[in-house]
Amino acid sequence: MYVCGPPVRTPPPHVSHMHGKDNIKDRARGPRDEERNDRCSGNFRVRLESADQAPANQEPCVVLNTRRASRRLRGAERRNMTPETRTDTRGVASASRQQCFSLWRKKNVPQKAGGSWSPLGLDEEGRRGHRVGHLVPGGVRHLQRFWGASGDFWQDLWTKLHVTFEGHHTALFYLGTMLVPTLAFWGVNALLLLVDTTGKPAFITRYRIQVDKNNPVDKRKLFHALKTVLFNHLCISGPMVVGAYQLMTLRGDPCGPQLPTFHRALLELAFFSILEELMFYYSHRLFHQPSLYKRFHKQHHEWTAPIGIVCIYAHPLEHMISNMLPVALGPVVLASHLTTTSLWLCMALISTTISHCGYHLPFLPSPEFHDFHHLRFNQCFGVFGVLDRLHGTDAKFRLTKQYERHSLLTGLTPLSESVPDAPTKGRDL
């Protein structure tokens, strides 16, 4: 089976069959024997075609036959191998095609001084990213190493999915931007609704921010909110995703065969986050203007103690402008790959669910900031709080106990117990 690898800097030399020169049996072998040897050699055989042997319209290829395992090697063929070759092939025998190619490239492609080969082995952009890896913060660098080590795995998965949906990229896009985020959103909220409606498991209710609220939640109020949430999700979010796909296809195929590099995906996610903060903050403050608040935004603030599912409980116009547009615009502007877009939509939905869930759970982002907004209405309009600090719309929040609790909980003791409300301060400010 011929598997074309990425272009290399120098065409690899032709490697013939590894038989001894004085072997009389080799002289009697015909073309059928040679073909049989290639077929039976399994993962042990890596034969390289040089550029002059490859077709004119094809890059130099790596011929990797992975159908047969090493047990199919004939004893005579194995005896003809040199000891070095036999030792090298033991480690390669159980490797996949991508791993075989990675080992070959590391061994045969010359490296530039000061550079390192990207484990993805896809393009020059990835290699440039690895050369500046020392400039990246430690946590991101560890994530980069994980992505690089598993790069072949993710690319192989995506290639299989891409081939499965060959000619049906529209369906693939909608699966990635509608089905996957929907499963993530409703999966998380189903667990939260179980706690909200039953109060079980009891250890989770210890982390409730507003202790005296939603214990349990009003089921009639919840049922009314669910109807609006389903309408917004199906009738507003769905058509907007369809429109986003039409705009993205004007600049290329968002379901391309090659995954984005680690640095590309990281930069796109950072751009999406900044754009969401800008658009959500100012659109949110706009809906708090008296003329718009009463008609549109007041519906969302019916829940002064929010729960996860009400993150998209809003007037349809507000859901379109303030909830969906800040999230969907980034991938359209950058014409992002489907995988990055799907990851971003899942992150955005889970993030806003946590902000509204009403529980400050261990090792999850703090929802104190947005919970205070539902409690006081005129504070904490943004997502990250950067623009709130710039415009001074978090001044009252920073004087409260909620602000002291606004941090990542890394223990099991609820912050409402470790940082209790003061007798005369905190909630009354």
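This note goes through selected local features of the structure above, point by point.

1. Basis. The structure is a predicted model, in which local features need pLDDT of at least 70 and side-chain atom pairs count only at pLDDT 80 or more, while totals for chains, interfaces and linings use all residues. Residues are numbered from 1 along each chain as its sequence is written, and side-chain values use heavy atoms, with hydrogens and water left out.

2. L175, L179, V180 and L183 make a nonpolar surface patch of about 330 Å². Patch members are residues with over 30% relative accessible area and no salt bridge; nonpolar side chains (Val, Leu, Ile, Met, Phe, Trp, Tyr) are joined within 5 Å, and like charges within 9 Å. A salt bridge here is a side-chain nitrogen of Lys or Arg within 4 Å of a carboxyl oxygen of Asp or Glu. Areas come from the Shrake-Rupley method with a 1.4 Å probe, and for residues only the protein chains shown count as cover. V180 belongs to helix α9, residues 169-198; helices (H or I, at least four residues) and strands (E, at least two) are DSSP runs, numbered from the N terminus. With a relative accessible area of 38%, V180 is partly exposed. The classes are buried (under 20%), exposed (over 50%) and partly exposed (in between), with a 1.4 Å probe and protein chains only.

3. S283 in α12. Helix α12 (residues 262-287) contains S283, which counts as buried at 9% relative accessibility. The S283 side chain reaches the backbone oxygen of M279 at 2.7 Å. A polar contact is a pair of N or O atoms within 3.5 Å; within protein, one must be able to donate a hydrogen and the other to accept it, and residues adjacent in sequence count only if both atoms are side-chain atoms. Beyond its neighbours within four places in sequence, S283 is in contact (heavy atoms within 4.5 Å) with I321 and S322.

4. Aromatic pairs. Rings of Phe, Tyr and Trp (its six-membered ring) pair if their centres lie within 6.5 Å; planes under 30 degrees apart count as stacked, over 60 as edge-to-face and the rest as tilted. The count by this rule is 14 aromatic pairs. One of them joins F173 and Y174 edge-to-face, at 6.0 Å centre to centre and 70° between the planes. F173 is buried at 1% relative accessible area, whereas Y174 is partly exposed at 21%.

5. The F369 and F397 pair. These two rings are also edge-to-face, 5.5 Å centre to centre with 90° between the planes. The pair links distant parts of the chain, 28 residues apart: F369 is in helix α16 (residues 368-376) and F397 in the loop between α17 (386-391) and α18 (401-404). F369 is buried, with a relative accessible area of 7%, and F397 is buried at 1%. Together with F372 and Y403, F369 and F397 form one aromatic cluster.

6. Backbone points to check by eye. The K200 to P201 peptide bond is cis, with omega near -5°; P201 sits in the loop between α9 and α10 (202-205). Another cis bond runs from N215 to P216, with omega near 0°, and P216 is in the loop between α10 and α11 (219-249). N214, in the loop between α10 and α11, has a positive phi of about 55° although it is not a glycine. F363, also not a glycine, has a positive phi of about 65°. F363 lies in the loop between α15 (338-356) and α16 and is exposed, with a relative accessible area of 56%.
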